[in-house]
Amino acid sequence: MSEIQQLAKPGEQKQQPGRGFDRYGLLACLFISAFPIAWISLAGKSLNFGSVVFLLALPWVLLRTGAIVTAALRFPSFFAFDFLLGVTVISVAVMTWKFFVPISPWVLLIVLLVAIAGIPRLLPPHKHNPLSALGLLSVVVSLVAATGWSQDLIFPTTAVNGAVVFKPWSDFFVHATFMPRSLGADTLFQVGNYEWKGLPTIFYHYASYSIPICLAKVGSLPAYATVVGFWAPFGSFLTGLASYALGRALWSQGAGLAALVATFLLPDLCLLNIAHPTYGYFWLQHVAPGGLYGVTIAGTALILITQGVREGRRAWIASGVMVGALVVFFKIQIFAAAFPLLVSFAIVGWPPRKPWQWLILGGCVAVGVALLPLANRFYIGPNVRFDLSGSVWYWQALAKLANGTPVESSYRVFNIAHPFPAHLPQAIGLLLVNALGIFAVVAPLVWFLAVWRKTWQASEAISLAAIAILLLMTFGMGGTGYSDNAHEFIHRPFVWAYWLIGSLTAGRLFAMVAERRPQLSMRAVVVSAVALTVVPVCYGSGLQRGKGSVGNVRSSIRVDRGLIDCAHYIRRQPPVDAVVQDSHLDELLILGGLSERPSFAARLDLWNRASKAFRESPYQEHLRKLHSLEEATNIPALQRSVRETGIRWYVAHPDDPNVWPSEFRDQPAFESKGYRVYDMQHSFDLRG
């Protein structure tokens with residue numbers, strides 16, 4: 001019997017309205033506050049009162065929010081699950097507000113606090129399981145491990161001669177731009193595209209930014225420091241806590257701790273130079289942290305559905321499906337892999353179980369495949385289709401990326417023009433080893449043991465379903481290369497399979513062993529959890545670079561000090577919605593991320609490559625207007641171009657040609673090491 005089933009029995013737990021704080025619970029909250037305070041202080045090299053207050057209140061807010069939901073559902077409550085559910089609800093609430101309510105986030109924060117404080121008084125008493133010593137250990141171990149895996153983010157920069165090296169993956173400059181666009185009163189629809197003025201808002205994983213946005217608002221923190229010092233490390237912590245919660249819900253606290261150890265403290269095979277360099281679980285999760293949040297929310301949904309199936313509670317199952325649907329706002333690639341599994345499990349397990357439920361499942365699959373073309377209507381369409389056309393180019397790309405690595409010889413066969421279907425068995429084997437790591441071996445052994453003992457459980461079926469979906473997405477999806485986003489749906493969902501199968505396998509194995517030797521099993525997993533925290537500390541340094549050659553270009557970015565000074569100067573100038581323009585089109589969005597201002601035109605090559613909708617947009621007109629501005633040779637022409645573009649700040653790089661009139665060209669608003677910031681509004685102070 002799982003601990004959730006024990007908690008669901010009447011009279012076995014204390015009755016409390018909402019969530020109270022026990023001794024271990026209070027300690028856990030203090031740790032959850034203290035670690036992020038340290039993270040953000042080290043990343044931003046400063047600390048302020050607002051940040052401290054927010055982070056001290058955050059655990060209480062998340063726990064109380066989760067307890068409200070579990071009380072409304074009459075779902076047995078425990079610390080880790082309430083915390084994860086609170087993250088889900090608060091994140092979606094903030095995102096929804098920013099999409100539809102054109103009012104300052106300060107009002108949102110006040111509304112949330114009032115609701116969280118008042119709603120529990122309206123609910124009946126609810127069962128609450130106090131946090132145990134093992135639960136506290138899981139929190140501390142998750143925090144320590146998250147710190148280890150996030151070393152390159154918590155210490156993001158290194159000063160060199162005349163420049164600064166940014167160790168995090170270059171996409172963190174892009175992520176930084178998602179903070180300021182949500183700090184004002186305007187909705188995301190009103191803000192529009194932050195990189196191309198006048199174009200519509202893109203579909204993205206906005207919900208994962210919600211809590212960091214609130215932190216940045218209350219603490220007045222720089223956006224870049226917030227994403228590297230809180231967004232990513234906090235998401236990393238959540239995945240560890242989610243592994244524990246899943247194992248605890250399905251089996252026991254010991255099983256939860258075993259799941260945490262397996263998925264968060266053991267190095268993946270990429271770190272050991274055994275798997276392909278692009279299949280590093282910890283690397284990919286920490287260079288694209290939206291996946292950390294996507295996996296966490298999907299795992300939370302699975303807990304609700306699993307317990308609903310066990311207890312015959314339709315409300316729990318339906319709630320799990322709803323939470324699973326919300327994953328699309330945290331990481332769409334995780335949603336694509338997790339939601340079919342969650343819905344399938346919910347349909348098959350819906351009480352009372354009938355044979356015709358399998359027919360319903362088949363109908364849902366058919367409808368889902370038929371509706372895939374709708375995804376292409378988004379501004380950045382993934383161009384998803386199932387026609388088996390993606391396998392050839394994808395595996396050829398893997399072979400190319402494997403050159404010069406220890407696994408190069410395993411992929412040479414895919415360099416030929418038509419590697420499929422002749423080499424399909426080898427590709428499947430490599431995929432399973434790459435995506436599942438050691439669990440590609442351990443999981444089948446656990447399944448065999450379950451069959452032999454005649455103790456097959458739903459967890460084994462879920463793991464097999466996850467593998468089936470992984471194979472289908474890897475080999476069934478179509479695509480022609482990196483010119484569309486299909487490769488992200490082929491590659492990135494493996495992190496969900498790794499986390500899920502690793503958590504279920506480790507938890508199930510512990511439960512099997514603990515049946516015969518409970519004390520020895522518990523001691524072994526506790527000692528392992530403590531001892532193996534050294535693994536993230538050892539392997540976390542340099543994690544952002546990864547094992548592949550791409551890391552040489554996408555991490556440890558050297559940025560001239562002058563450009564950084566210009567960005568910081570612009571960030572200090574009002575208004576916050578003033579449009580900036582980098583003379584080199586800001587290909588890595590460094591100026592946009594550090595200045596926290598919208599761009600008129602940026603990252604042209606990426607947008608042209610990734611978005612069909614962008615290629616069909618009037619972006620050429622944007623470029624024409626920008627060219628006219630840069631080629632203006634007299635004050636009237638310059639003024640006309642400023643009116644057309646709406647650009648307030650223009651950043652010129654050293655040695656850029658400049659044909660502007662000398663009375664304007666020689667009077668930059670700010671200058672540093674050859675970089676110049678021009679206040680384009682100043683052109684209207686000059687006579688033509």
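Let's start with strands 7 and 8: strand 7 (residues 579–582) and strand 8 (residues 647–652) run parallel and are joined by four bridges. Strands here are DSSP E runs of at least two residues, helices are H or I runs of at least four, and both are numbered from the N terminus; two strands pair if DSSP finds at least two bridges between them. Gln581 has Tyr650 of strand 8 as its bridge partner. On strand 7, Val579 and Gln581 point one way, Val580 and Asp582 the other, and all are buried, meaning under 20% relative accessible area with a 1.4 Å probe, protein chains only.

A word on the model: it is predicted, with local features needing pLDDT of at least 70, side-chain atom pairs counting only at pLDDT 80 or more, and totals for chains, interfaces and linings using all residues. Residues are numbered from 1 along each chain as its sequence is written, and side-chain values use heavy atoms, leaving out hydrogens and water.

Now, the aromatics. How many aromatic pairs does a search of the whole structure find? The search gives 49, counting Phe, Tyr and Trp (six-membered ring) with centres within 6.5 Å; planes under 30 degrees apart are stacked, over 60 edge-to-face, and the rest tilted. Tyr411 and Phe414 make a tilted pair, 6.3 Å centre to centre with 50° between the planes, and both residues are buried.

There is also an aromatic cluster, whose members include Phe178, Trp231 and Tyr293. Over the face of Phe178 lies Arg181, 3.9 Å from the ring centre; the criterion is NZ of Lys or CZ of Arg within 6 Å of the centre and within 35 degrees of the ring normal.

Note on methods. Buried means under 20% relative accessible area, exposed over 50%, partly exposed in between (1.4 Å probe, protein chains only).
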